[in-house]
Amino acid sequence: MPQMPAITIQLVHIQGPLKGQVQDFSQFPVHIGRHSSCQVRFDKDLTTLSRRHARIDRQGNRFRIVDASTNGTYVNGKRIANVYLRDGDVITFTENGPKASFLTKIEVGDVPAPHVRSGQPAQPMPPSPVSASHPQMPAPASAAAPVVVSSPAPPAPEPGLTAGPGLEISVISANAPLVIQFGPTLQSYNLLPVTIGTDPTCDFVIDDNALAGRHIQIFFSEKQYYAKDLTESGMVSINGRPVGTQSVMAQGAELSLTHQGPRFRFLGGGRLAQIQDVVSESLEKTDAEASHPGSENPSSVP
C-alpha cells in the first residue's frame, strides 16, 4: 500500500545572524524567537525579536505562519497576522530584521530523502553502505551456486555527482521549478533553462568580475536538473570536479561557478542556495574589533 507523501519544510536564512544556514523541519508547530524552547532560536540579545516571535503550523498539506510578536512578522515585505506560505516566500522577522526563504520538499516511499540537520549548512549525503544481506548487484541465477567475482565491482558514483563530462543531452524548454537564493536575492522560475552570468540579458544576473557574460545554464530533462558550463574553459564544477560540458546536479551537490566561487548547494526540487563564507565573515568581524579596541563594551540597546 503506497505511503502518503511526507512533507518537510526548509528555512534558508538569507539575512541576519543565521545567514547561510539551512534548517529542515518535519515536526510542527515550528516556533521562532529568542526563547530556549524555539526550534529557530535567535540570540537573546536580539531584543527586537520577541521571545516567541512567530510559529509555523501545518494544516493538511499547507503551512501557515502566525505572528505572535510585538514588532511584527513580514512575508514578501507585507506585515501579516497569519498567512499560508508558498515556496519562495521571504519571511522577515521585524522590519529590516533577519530574513529566511521558505521552501518545501516532498518525500515519497519508504526511503526518506537526505536530511539536513537543523541549523547546519546542507552537506552532500554519503553513499549508502553495502551490507552482506543487501548487496548492490543482481542475485545469481542459482542461489545455491557459489558466486565468483573475477574483477572488482565498479566504484559507486561520488555523492552529488551522478553524471560526468561525457554526458550530452539537448537543452530544451521544460516546465520545472527553479529557486535561486544569492545573498538577499531570491528569484523563482517555472520555465527552464535559466542562464546565469554578468550579462544583463541573463535570466539571473550576478555582478562578479570573475564570471563570464553568459556563464552557466540550468536546465531540466528526464526528471533531472543539469548544470551546463557556457564558459568553454572548465570554470564550473560540481563537488570539485569540472562538469565538462554539462552534468547532473544531485541533491546535496556543491555547485561552484569558479574556483573562488560563488558556490551554491543544490537542495533538490530545483533549489539553489548560496553557500556563505562563514569563516571569512568571522575574520572580518575580528579584524574590525581589533582596530577599535575601545568598542568592546558597546552601549546596550534598551
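1. Of the 24 residues in the largest nonpolar core of this predicted model, Ile180, Ile216, Ile218, Met249 and Leu255 touch the most other members. A nonpolar core here is a set of buried Ala, Val, Leu, Ile, Met, Phe, Trp, Tyr and Cys residues joined through side-chain atoms within 4.5 Å. Buried means under 20% relative accessible area, exposed over 50%, and partly exposed in between (1.4 Å probe, protein chains only). Two or more residues of this core come from each of strand S12 (174-182), S13, S14, S16, S17 and S22. S12 gives the most, with 3 residues. As background, nonpolar side chains tend to be buried together in soluble globular proteins.

2. On conventions: this is a predicted model, in which local features need pLDDT of at least 70 and side-chain atom pairs count only at pLDDT 80 or more, while totals for chains, interfaces and linings use all residues. Residues are numbered from 1 along each chain as its sequence is written, and side-chain values use heavy atoms, with hydrogens and water left out.

3. Met249 deserves a separate entry. Leaving aside neighbours within four places in sequence, methionine 249 is in contact (heavy atoms within 4.5 Å) with Ile218, Tyr225, Tyr226, Ala227, Ile238, Leu255, Phe266 and Leu272. A second, separate core has 21 residues, including Val30, Ile65, Val75 and Ile91.

4. Overall content: the protein has 1 helix and 23 strands. Helices (H or I, at least four residues) and strands (E, at least two) are DSSP runs, numbered from the N terminus. Of the 302 residues, 39% count as buried. Among contacts between residues at least 6 apart in sequence, 41% join residues at least 24 apart.

5. Strand S16 is largely enclosed by the rest of the structure, because 5 of its 6 residues are buried. S16 pairs with S14 in the antiparallel sense over 3 bridges; two strands pair if DSSP finds at least two bridges between them. Across this pairing, threonine 195 stands opposite glutamine 217 in S16. S16 also runs antiparallel to S17, and 6 bridges join the two. Isoleucine 218 has alanine 227 in S17 as its bridge partner. Ile218 is also among the core residues listed in point 1, and both Ile218 and Ala227 are in contact with Met249.

6. Glutamate 222, in the loop between strand S16 (216-221) and strand S17 (224-229), has a positive phi of about 50 degrees although it is not a glycine. Lysine 223 lies in the loop between S16 and S17, and its phi is near 65 degrees, again positive in a residue other than glycine. Glutamate 222 counts as exposed at 70% relative accessibility, and lysine 223 is exposed with a relative accessible area of 78%.

7. Two cis peptide bonds also need a look. One joins leucine 192 and proline 193, with omega about 15 degrees; proline 193 lies in the loop between strand S13 (185-192) and strand S14 (194-197). Another runs from glycine 261 to proline 262, with omega near 0 degrees. Proline 262 lies in the loop between strand S21 (254-256) and strand S22 (263-266).

8. Strand S10 (residues 90-93) is covered on both faces: Val90 and Thr92 on one side and Ile91 and Phe93 on the other are all buried. In a regular strand the side chains alternate between the two faces of the sheet. S10 pairs with strand S7 (residues 73-75) in the antiparallel sense over 3 bridges, and threonine 73 has phenylalanine 93 in S10 as its bridge partner. Ile91 and Val75 are included in the second core.

9. Glycine 33 is found in strand S3 (residues 30-33) and counts as buried at 0% relative accessibility. Not counting residues up to four places away in sequence, glycine 33 touches Cys38, Val40, Arg41, Phe42, Ser50, Arg51 and His53. The C-alpha atoms of glycine 33 and serine 69 are separated by 8.9 Å, with the two residues 36 apart along the chain.
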